[in-house]
Every structure is written in structure tokens, then in C-alpha cells.
Amino acid sequence: MSAALTRAVFLDRDGVINHKAPEGEYIRTWTEIHFIPGAMEAVAFLNRAGYRIFVVTNQRGIATQKVRIEDLLDIHDRIQREFALRGANISQIYYCPHDVSERCSCRKPRSGMLRRAARDHRLDLQTSWMVGDSLTDVKAGEDAGCRSVLLAPRPPQVIPPSYAPLIAESLESAVPLILNLCDLDPRVVRAQSFELSRSCLREES
Ligand SMILES: [Mg+2]
Ligand SMILES: [Zn+2]
């Protein structure tokens, strides 16, 4: 029997597990990390459902020297430890340290980090998900062959027609979508998922 491939949920970092820095600013140190309520519980829930969790984050601040690499690694180490204390296992945090002009293969919307994780951890990208709060996350996920959830406070007006993300308000409210607990018709889910995810959450609470 060949070893079965594992399902994963890839998470963007800022705006998914912790609050974003103000526009134009960077999160530089651990003290600036403020977790979004429900994120740890969501990861623990996905773990129990058989998903491994990976964070994939663009960290251009390394290239522009706004963020020090040792601080970034410290932040990521502490995120993993804080989550683990709550029974939420993040297998690995991948980051892209490059600037836009470097045209690397890892900076989202490219899918290099997801593909590397898939090689490193024998993941099945076809049954995996990407969750992010920007369309570059969605594009990276879909380019890797994953399904995707876009986190948005309200349904975005314009989603490029080639993308088909589900939409949820938060990582916590994305969980029932990923686990297909909402009895979704994939043909209509794109239009309705926002309301569906809200109603699923209401049912659970
Ligand atoms: Mg983000
Ligand atoms: Zn890169």
C-alpha cells in the first residue's frame, strides 16, 4: 500500500490568524501579533477532521529591511507554540522573503509555497484548501489546484470570473464550508456562501 497523501488547509497569516498591521505598515515583532478570535479553535477543529495546517505568508518586509529575519522566525515560532497550547497544530510556516521585483516563484499569487509544502509533506493539493483575505491568496490556491475560501467582511463586488472562492467572514466561519457541513450545491455556493456560512455559524452557536 502506498502511503496516502494528506489533505491540508493552507492559511494566509495576516488577516487570517492575526489582525493585519495598519495599511502600509508591517508586523515586525511578536508584541504586534494579535490573534483573531476563533482562529485557534478553527485550526484545532480542522486538525481533528484530518487536515494538516500550513501557513503561507508573503513577507516582503524582509527584502525591504522593514522586518528582521530573526524577528520573523521568532514570531512564527511563537505562533506555532501558542496554537499548540490550544491543541491547534500548525505543521509549518512558509514565508516568501522576496520583493515583488525579484519575480520569485513563491510570492503569492504564485503557488510556489503551496507546491513546496506539498513536496515536503506529501500533500494532496487537489483535496486541499487555501484560506486568505486577499485575491492573491485565492489565486495562489487555485493555481496549485486547491479550492479556496476568501475571507471578506461582506461579499466582494468583483471577483475575477476565473476564480471560484467560497466566501466567509473569518477562518472560524470558513470551517463549516471546508468540511462541507452546510449542504452546499457547488454551482450556487459562490453566490450564496456568504449567507450560508453565516447561517451555519448561527446554527452551531
Ligand atoms: Mg492577508
Ligand atoms: Zn519568494
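Before you start: residues count from 1 along each chain as its sequence is written, and chains are lettered from A, with ligands numbered from 1, in the order in which they are written. Because the model is predicted, local features need pLDDT of at least 70 and side-chain atom pairs count only at pLDDT 80 or more, while totals for chains, interfaces and linings use all residues.

**Exercise 1. Work out the order of the strands in the sheet.**

Step 1: The chain has seven helices and six strands (DSSP runs numbered from the N terminus, H or I with at least four residues for helices, E with at least two for strands). From the N terminus on, they run β-α-β-α-α-β-α-β-α-β-β-α-α.

Step 2: Pair the strands (two strands pair if DSSP finds at least two bridges between them). You get an open sheet in the order S3-S2-S1-S4-S5-S6, with parallel pairing.

Step 3: Check the edges. S3 and S6 (166-168) each pair on one side only. The twist averages 20° from one strand to the next (axes are lines fitted to C-alpha atoms, for helices over the stretch in contact, and angles run from 0 to 180 degrees between N-to-C directions).

**Exercise 2. Find which side of helix H4 (residues 112-121) is buried.**

Step 1: List the buried residues (20 or more other C-beta atoms within 10 Å of their own; exposed means 12 or fewer, partly exposed in between, with C-beta atoms placed from the backbone). They are Met 113, Leu 114, Ala 117 and Ala 118.

Step 2: Look down the axis. These residues sit on the same side of H4, because they cover an arc of only 140° (taken from the directions from the helix axis to the C-beta atoms). An α-helix has 3.6 residues a turn, so residues three or four places apart point the same way.

Step 3: See what the buried residues pack against: S1 (8-11), S2 (52-58), S3 (90-96), S4 (129-132) and helix H5 (135-143).

Definitions and conventions. Two residues are in contact if their C-beta atoms, placed from the backbone, lie within 7 Å.
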